[in-house]
Amino acid sequence: MRALTPIRETVEKRPPLPDRLDVFLCHAWDDRQGAAKQLHDLLVSLSVTVWFSEKDVILGSPLLREIDKGLAKTRVESYW
């Protein structure tokens, strides 16, 4: 229980996704710390709202459900 407390607190403090996102960034697992992260950071620096699994998937939540939620809130899909 003690080990999970910091994770729970982080999840509780996480702001909800905006009602609408500009881009859904889909990427290969191996790219999440490299090219996909660089693209994400570039888009964010240009004030583009981006769904990116590394920041938008809550630890312990079903990945496919989070992807579906992200897609439903996104105007454009980008496959990397």
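Colour the chain by pLDDT, the predictor's confidence in each residue, from 0 to 100. The mean pLDDT of the protein chain is 80, and 71% of its residues reach 70 or more. This is a predicted model: local features need pLDDT of at least 70, side-chain atom pairs count only at pLDDT 80 or more, and totals for chains, interfaces and linings use all residues. Residues are numbered from 1 along each chain as its sequence is written, and side-chain values use heavy atoms, with hydrogens and water left out.

**The whole chain**

Switch to a cartoon view. The protein chain has four helices and three strands. Helices (H or I, at least four residues) and strands (E, at least two) are DSSP runs, numbered from the N terminus. Follow the sequence and the pattern reads α-β-α-β-α-α-β.

Select residues 5–13, helix H1. Among the elements of the chain, helix H1 has the lowest mean pLDDT, 62. Now select residues 35–45. This is helix H2, with the highest mean pLDDT, 93.

Show the surface. The accessible surface comes to about 5,800 Å², and 60% of it belongs to carbon and sulfur atoms. Such areas come from the Shrake-Rupley method with a 1.4 Å probe; for residues, only the protein chains shown count as cover. Of the 80 residues, 22% count as buried. Buried means under 20% relative accessible area, exposed means over 50%, and partly exposed lies in between (1.4 Å probe, protein chains only).

**The aromatic pair**

Next, select Phe-24 and Trp-51. Rings of Phe, Tyr and Trp (its six-membered ring) pair if their centres lie within 6.5 Å; planes under 30 degrees apart count as stacked, over 60 as edge-to-face and the rest as tilted. By this rule there is one aromatic pair. The ring centres of Phe-24 and Trp-51 are 4.4 Å apart and the planes are at 10°, so the pair is stacked. The pair links distant parts of the chain. Phe-24 sits in strand E1 (residues 21–26) and Trp-51 in strand E2 (residues 50–52), 27 residues apart. Both Phe-24 and Trp-51 are buried.

**Helix H3**

Move on to residues 53–56, helix H3, and pick Lys-55 there. Lys-55 is partly exposed, with a relative accessible area of 40%. The side chain of Lys-55 makes a polar contact with the side chain of Asp-56, at 2.7 Å. A polar contact is a pair of N or O atoms within 3.5 Å; within protein, one must be able to donate a hydrogen and the other to accept it, and residues adjacent in sequence count only if both atoms are side-chain atoms.

Stay in helix H3 and click Ser-53. Ser-53 is buried, with a relative accessible area of 16%. Its side chain makes a polar contact with the side chain of His-27, at 2.9 Å.

**The last stop**

Finish at Ser-47, in the loop between H2 and E2. At 66% relative accessibility, Ser-47 counts as exposed. Check the backbone too: phi of Ser-47 is near 65°, a positive value in a residue other than glycine.
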